[in-house]
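Student: Could we go through the pockets and one of the helices together?
Tutor: Gladly, let's look at the model first.

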Amino acid sequence: MHPTTAQLRAQMGHILAAPKDNAPIEMLCLRPGFGEREVVQELTLTVDQGIPGERWTTAPWIRRPDGSPDPRIQISILPTRVMNAVWLDRENQPHPGDPIVADLDCSYSNLPVGSRLQAGTAVLEVSDVFNDACVKWKARYGTPAKDWITDRENVHLRLRGLLCSIVQGGTLTMQDELTKL
């Protein structure tokens with residue numbers, strides 16, 4: 001079960017109305033290995049290890065020239081409204097895998113590169129790396145969902161969400177919000 005292009009377009013008004021600040025946390029998720037998901041109530045965020053126990057330290061999709069994980073992709077934040085538009089079959093399709101799902105406007109105009117977000121007691125910095133959705137996104141949620149993310153009319157909205165580095169370690173819980181600094 002995948003959304004159609006028409007269904008995704010019909011969601012745009014709702015998606016564009018997402019909060020620009022003080023975004024409620026809807027879900028927190030650990031990804032210890034490929035295809036593994038553990039929904040949790042709290043995440044520990046560290047500058048050096050990202051989320052301890054997460055696969056960023058062992059299998060990042062971007063590495064620095066020295067082979068170490070690229071900190072610009074330590075954390076991904078998926079907008080709740082986008083997740084709800086594409087993840088229609090929650091029993092048979094896996095969670096998208098983003099550690100943070102929040103009801104947040106992730107557009108460049110709201111959160112330019114370098115913006116900082118308070119995430120519980122941690123601080124995140126919005127990366128310059130564009131999250132264009134991977135092949136797994138297309139396989140899980142369909143070609144229209146992948147094309148919707150990368151459509152040149154939608155790129156400025158960052159529908160697939162934000163990639164961030166952790167600039168101050170701390171703890172994030174389901175009771176927290178993401179707040180612009």
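Student: How do the residues of the lining of the largest pocket divide into nonpolar, polar and charged?
Tutor: Keep in mind that this is a predicted model. The largest pocket holds about 430 Å³ of space, and 24 residues line it. By class, that lining divides into 12 nonpolar, 3 polar and 9 charged.

Student: Which residues lie nearest the centre of the largest pocket?
Tutor: Helix H4 gives the most to this lining, with 4 residues. Nearest the centre of the pocket lie Arg31, Arg55, Trp61, Cys134 and Lys136.

Student: Which elements give two or more residues to the lining of the second largest pocket?
Tutor: This pocket has about 170 Å³ of space. Its lining includes Thr5, Leu8 and Arg9, as well as Pro144, Asp147 and Trp148. By class, the lining has 4 nonpolar, 2 polar and 4 charged residues. The elements that give two or more residues to it are H1 and H5.

Student: Why do the buried residues of H5 line one face of the helix?
Tutor: Helix H5 covers residues 143–150, and its buried residues are Ala145, Lys146, Trp148 and Ile149. Looking down the axis of H5, these residues line one face because they fall within an arc of 160°.

Student: Which helices do the buried residues of H5 pack against?
Tutor: Start from Ala145, Lys146, Trp148 and Ile149, the buried residues of H5. Trp148 also belongs to the lining of the second largest pocket. The partners of the buried residues are H1 (5–10), H2 (12–16), H3 (80–86) and H4 (135–141).

Technical notes
Residues numbered from 1 in each chain as written. Predicted model: local features only at pLDDT ≥ 70, side-chain atom pairs only at ≥ 80, totals over all residues. Heavy atoms only, no water. Buried < 20%, exposed > 50% of the residue type's maximum accessible area, 1.4 Å probe, protein only. Arc of directions from axis to C-beta. Contact = heavy atoms within 4.5 Å. 1 Å grid on protein atoms, 1.4 Å probe; cavity = no way out; pocket = protein on both sides within 12 Å on 5 of 7 lines; lining within 4 Å. Points joined across faces, edges and corners; volume = space filled by probe spheres on them. Nonpolar A, V, L, I, M, F, W, Y, C, P; charged D, E, K, R; others polar.
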